[in-house]
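Good morning, everyone, and thank you for making the time. I would like to walk you slowly through one structure today, so please keep it in view while I talk.

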Protein chains: 4
Amino acid sequence: MKVVLAYSGGLDTTVLLTWLQEKYDAEVICYCSNVGQEEELDGLEQKALKHGAVKCYVDDVQEEFAADYIYPIMQANAIYEGTYLLGTSIARPLIAKRMIDIANAEGAEAICHGATGKGNDQVRFELTAYALKPDIKVIAPWRMPADFPFEGRSDMIKYLEEKGIPTTVSASKPYSMDRNMLHISFEGGILEDPWNEPDENMWCMTKPLSQAADTPETIEVSFEKGIPVAVNGETLSPAALLKKLNAIGCEHGVGRIDIVENRFTGMKDRGVYETPGGTILHHAHRALESICMDRETMHLRDGFIPKYAELVYNGFWFAPEREMLQAAITKSQETVTGDVRVKLFKGGVHVCGRRSPYSLYSPKLVSFDEAGGYDQSDATGFIKLNALRLRVLATMKNG
Amino acid sequence: MKVVLAYSGGLDTTVLLTWLQEKYDAEVICYCSNVGQEEELDGLEQKALKHGAVKCYVDDVQEEFAADYIYPIMQANAIYEGTYLLGTSIARPLIAKRMIDIANAEGAEAICHGATGKGNDQVRFELTAYALKPDIKVIAPWRMPADFPFEGRSDMIKYLEEKGIPTTVSASKPYSMDRNMLHISFEGGILEDPWNEPDENMWCMTKPLSQAADTPETIEVSFEKGIPVAVNGETLSPAALLKKLNAIGCEHGVGRIDIVENRFTGMKDRGVYETPGGTILHHAHRALESICMDRETMHLRDGFIPKYAELVYNGFWFAPEREMLQAAITKSQETVTGDVRVKLFKGGVHVCGRRSPYSLYSPKLVSFDEAGGYDQSDATGFIKLNALRLRVLATMKNG
Amino acid sequence: MKVVLAYSGGLDTTVLLTWLQEKYDAEVICYCSNVGQEEELDGLEQKALKHGAVKCYVDDVQEEFAADYIYPIMQANAIYEGTYLLGTSIARPLIAKRMIDIANAEGAEAICHGATGKGNDQVRFELTAYALKPDIKVIAPWRMPADFPFEGRSDMIKYLEEKGIPTTVSASKPYSMDRNMLHISFEGGILEDPWNEPDENMWCMTKPLSQAADTPETIEVSFEKGIPVAVNGETLSPAALLKKLNAIGCEHGVGRIDIVENRFTGMKDRGVYETPGGTILHHAHRALESICMDRETMHLRDGFIPKYAELVYNGFWFAPEREMLQAAITKSQETVTGDVRVKLFKGGVHVCGRRSPYSLYSPKLVSFDEAGGYDQSDATGFIKLNALRLRVLATMKNG
Amino acid sequence: MKVVLAYSGGLDTTVLLTWLQEKYDAEVICYCSNVGQEEELDGLEQKALKHGAVKCYVDDVQEEFAADYIYPIMQANAIYEGTYLLGTSIARPLIAKRMIDIANAEGAEAICHGATGKGNDQVRFELTAYALKPDIKVIAPWRMPADFPFEGRSDMIKYLEEKGIPTTVSASKPYSMDRNMLHISFEGGILEDPWNEPDENMWCMTKPLSQAADTPETIEVSFEKGIPVAVNGETLSPAALLKKLNAIGCEHGVGRIDIVENRFTGMKDRGVYETPGGTILHHAHRALESICMDRETMHLRDGFIPKYAELVYNGFWFAPEREMLQAAITKSQETVTGDVRVKLFKGGVHVCGRRSPYSLYSPKLVSFDEAGGYDQSDATGFIKLNALRLRVLATMKNG
């Protein structure tokens, strides 16, 4: 059997690499994608091969990740439960898609991942895998307690030692982390009491507010059709732009959230996230829409956001209903082109200017002093007809 | 003819008071509500009577405003176009309702207001008036250019002088303001270019970020059924609680926004708002819901928010569709009871703790280490059945 | 172990009764509800006791079924995928609720049902059971192939013969049926090709169109707050009213549908249904709403129907999101009181009259000839303001 | 001044033609579109020119009407207030668009129509006109009582006689009619009491049920991407196909409805409609979707229908929000290709078969007897995880 393994070189996936060979006598093809997690990927291939992998792909998908996954959800202003910018959720379909590409290329019949049976990531990986290759076999060892009898990190360390693969990792971690270009997440461990605040030293992609710059910084972000293309006038590639905004946002402590969210598996989970660049883009994009997007289009689209975000969160990226909504989103972004000025300070993103060649804002129309082609007396009929049904209702109620 | 006039004692409504007598030979009953606008209302009655009013009501509705208007929209997390907390919108139905109460009590056949023919407020006033008293006559002089031939403030000053009512107000204002307990708004004038940032000296209810406290402040807000009832353990009346949070928020520069919004009358308008207490409550309420509210209830309710906010913004408060939605909102808040800890700093509201006797969060369920009654292998079937339609679709597409 | 078994006395549940005793050494309490399935329930208790049940409840819940389950979904105009009136779906929560009531009363720790692992009914039963008694154990033998090794009816007949329980049922059935007061359903077997039409002799609750009455029949149905209360002026109990309409509808071949629907388990299924009385009520209720319900309330509520129907179909009756929506529905029905005249003929339900003390329809308002308090020139301003954003958009596009 | 007049040659528009010349000294260009109203259009040009028009366009837009207006709304299953297939609504934007085309070609600065100030049609005409040519002047004489002082038909007849244009029309009409290829509508007059049934002799496009064929007729309709392309295997042009179905539907009395609907202008209106071909297509299209469309796509789309239908009804065809929704609809129809068999009888449309090369229905999957790659035990985990939040909620409530 050939298996494609989602591999990071860490404790869990090193155990999986060994266990797959042992349990299934499998030829294991390791796969590691660079989604901007800022980990050392040099030497990963050698490590995988040394531990028995028949092949190891290290795959830089950063530009694809930004262009085809992150920016489309930003066009939709996707936000889960009013707060979460979907940083982890949106990476999973890309990783699973690449694993399926490799399974097809290599003739593998199965994929394996190290996500637990309680979380969302298993769902996101597997829905993508099944949607792209309906006959794929998925091996999720954490859901196979009889075959994969590990209860924690110390078990795994002992197992590797028995196989002659000594590790230097610690037997416990204070929390679990996941990082990519869009964000870093922290879950579990000491975060499990939602009444407790995390320690300042946990945070990673952003400076603590106490150390954030004492001077506000104003930047300008430019968009074309809802996609960010330049910062301060400098055109950048999708990934480079996001990284630039991450660096700027970091200095100002932008993009931290601490929430309790609802997992697709049915439980509530406390998650702490840093999304510096994404938070800047979210606010800037909405501000640009405010002058370029028609009112009714916006209100209708705003009604889609909870559903769209739920689909992304739950792992339904390669799903026809997400694609149907995306078609509407794409249509809505045709004129979302222009510049937004935002001021960053002590964790805040403050919009302070927006302009666009497609602006629908008219100072003349809105001015107290100028008519701008607007006849105020038209408002009388507008109100009268809007009130008609309310008057009929009141008349009926009053008998 | 008897007319109830929305009266503030300012330039516009002083003109209206005189003009109504002149134009209609009307008996004018002045009405001024105290919705927390923090203006001097002493002497207002005398002023109105002196200028010809037959009566003047000065009406303290602050507690009613907080309890029956502001807090219900906060239960709904109402936010217009993703940004605006509806501070002006929500005051209008209360004011109009009181004017109709007085019209009924006094036997008046008309009401009069000084809102312009371009804005939302005329709509909000009049929809409420018509919904409560379908045969009311509404006099909106700004929509009557033939009868009310004023082009600006200097015209009005001159008119009053001619009537022997000299004023000391200036002939121009840099922008228009409206304040109540929930917020202050700034529109028009020098704000009309959405690429320009307002001056620091315009702001009123919040300290500039450069002067905000250098030390974060952590406070605890307590809710019962989605309604805020205490701050830092001290139980407060609805209005007192909001004022207390306004004072705290002010120190930390909390609740400023600068947006372009879509008016119901069809144009885009730039609005700048300060909502210190309301912003704190908005974040705290969402955080409490995150542990007390069921996932599907929340997602469904989140889908209502744009429509609900649109109804409030457009003035459909006393409308059956708003009441229908409110019935659902009220139902959803039955267990939204508990405490939230938020840290305020330099314009930011950072949730850092939430607890509730009705919490649905279970550390055991979510823990990496404990089962908590959850069988991880159940996730396999869950994913398989969720994936089934995607697999059938892929199989069909693959032929 | 004590188990409450959903028992009908048919082949499947007779096998389950025996098997539960054998497999678990269980004390089995049989439960059979009368939801109007028109089967012979006399002798059922004796039969159950004879085959080893320790107790057998035969429970007439017809009035509760109509009043608390069927009519609330009719108030909502619930219709699944545009066609299905949810006849089977709505019976399941009631049956499961009663089983849990009995489990609580009898101190049983488990319930058992004979629904298959492919269908919706297992989900509906179990979601209700878990929602009402979270620690209940559910035994679903058809999902336990190792323990319950039956492949079909002939296996089961043989098993019973071995246990000394001879049956007279046939080894194969052309399709599966489920009946209650609201409808009868047919699935499976010869219906599995969706290009084939079912035979005329399959139908059960309605006369074939070829034999339906040759003369139309006009009846009058009266509602109070959206609940049907009388037919042709005769006040009837909830169940009696529905049965009366079933009898009338039968004569006219009303309420047949033949559809392919999407199951919650992920597959598409062909279902054929007869819902004579429910179909009449559905049309009559909508017609009454057309004169009693405010426009915006109706449009908003219409947007809820797909979600509401999905919740009922999927089994989320005792779920907070359904209860939240129901609160809105209940609110919307306050004035849905009045009479509707419908003509029944050859399968059709033709609304031909509606009247209500709460009617919002005004002949004067709508008349071509009368003003009715409506000033036609108001429409100009109404249109102008509604067109404003479109004109601004066109002006921008035209450059 | 040049004016394009929507002209039919009937009483009202003959008056308008004369009045426009008299009142504005206008050069009037008459416009009449053939949208399948089955009226005699021969001689219309001569008539217009004789009465003073400078030009008269008679424009056959039947194919465009079917292909670009009717079928897109059928792809969306658009239905207003659960009953109305939008037959009048969808013709208005096309007619107004053509008038604007002609205004542009002829250099006209105004358009004129004869719709009343109470109805929807004025809104539909004018929203389209303003959306396509924002500076167009609209003349709506019925909203200009001072200038257009006609109270009814006898006034108009007298006016024409005075101008030397004798007519032979009657001074009163029992109701108002509007016909096009999709439907005919009846409103007003004797229909104004919603408790009264219309006379059988009013109906026009369908045979009375008492005279409908005594033998059912089964036909097959074929679709490509949600668009009907063939009837009984015969490929037809868009308009020819609809006309063929109208003829078939007529024989069987298909497509009559009698409703009270909510106008955009705020009042309720009783409308009676015949839509024979459209009703057949509506049912056939839904039936085809039932096997070709993914479940979640369908449920999400079903949630759009009330809004989409409202937009079409209210006249927002050339509006960005309609176009955004249409983009989603188009995406959803990619695989809605196949055949549907429907049986027509005595007013009923009974779906009895559907097939598609893109069918997602799998008899194996759904079969009681076959596994079809489905493991029934997966349902256990599926239910358990779906129930988890309900169990946590119940546990909390039970304390």
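Predicted model: local features only at pLDDT ≥ 70, side-chain atom pairs only at ≥ 80, totals over all residues.

**Domains, chains and cysteines**

Let me begin inside one chain, where the centres of domain 1 of chain A and domain 2 of chain A, taken over C-alpha atoms, are separated by 29 Å. The domain assignment of chain A gives domain 1 as 2-61 + 88-174, domain 2 as 178-355 and domain 3 as 363-397.

How many residues does the contact take from domain 1 of chain A and from domain 2 of chain A? Domain 1 of chain A gives 22 residues, and domain 2 of chain A gives 23 residues. To put a size on such a meeting, one often quotes the accessible area that is lost when the parts come together. Between domain 1 of chain A and domain 2 of chain A the buried area is about 1,800 Å², and carbon and sulfur atoms give 61% of it. On the side of domain 1 of chain A, the residues T88(A), I90(A) and N120(A) supply 24% of the area buried against domain 2 of chain A, which is more than any other three residues supply.

Turning to the polar side of this meeting, the rule finds nine residue pairs in polar contact across the interface of domain 1 of chain A and domain 2 of chain A, and the count of salt bridges between these two domains is one.

Now let us step out to whole chains. In general, two copies of a chain are related by a rotation about an axis and a shift along it. What rotation superposes chain A on chain D? A rotation of 180° with 0.0 Å of shift along its axis does so, with an RMSD of 0.0 Å, and that is the relation of a two-fold axis. Within chain A, the C-alpha nearest this axis belongs to A328(A), at 2.5 Å from it. Because 100% of the interface residues of chain A are also interface residues in chain D, these copies meet through the same surface.

Chain C is superposed on chain D by a rotation of 180° with 0.0 Å of shift along its axis, with an RMSD of 0.0 Å; here the C-alpha in chain C nearest the axis is that of G303(C), 2.7 Å from it. The contact takes 93 residues from chain C and 93 residues from chain D, and it buries about 8,700 Å², of which carbon and sulfur atoms give 59%. K118(C), W195(C) and K268(C) supply 10% of the area that chain C buries against chain D, more than any other three residues. There are six salt bridges between chain C and chain D, and the side chains of E321(C) and R389(D) meet in a salt bridge at 2.6 Å, N to O. Across this interface of chain C and chain D, the rule finds 40 residue pairs in polar contact.

Finally, the cysteines: a search of the whole structure finds zero disulfides over all chains. For C112(A), the nearest cysteine sulfur is that of C30(A), 9.8 Å away, and C112(A) counts as buried at 0% relative accessibility. For C32(D), the nearest is that of C56(D), 7.0 Å away, and C32(D) is buried, with a relative accessible area of 4%.

Notes: Residues numbered from 1 in each chain as written. Chains lettered and ligands numbered in written order. Heavy atoms only, no water. Least-squares fit on C-alpha atoms with pLDDT ≥ 70 in both. Contact = heavy atoms within 4.5 Å. Disulfide = S-S within 2.5 Å. Buried < 20%, exposed > 50% of the residue type's maximum accessible area, 1.4 Å probe, protein only. Domains from an automatic or database assignment. Buried area = accessible area lost by both parts, 1.4 Å probe. Salt bridge = Lys/Arg side-chain N within 4 Å of Asp/Glu carboxyl O. Polar contact = N/O pair within 3.5 Å; in protein donor to acceptor, adjacent residues only side chain to side chain.
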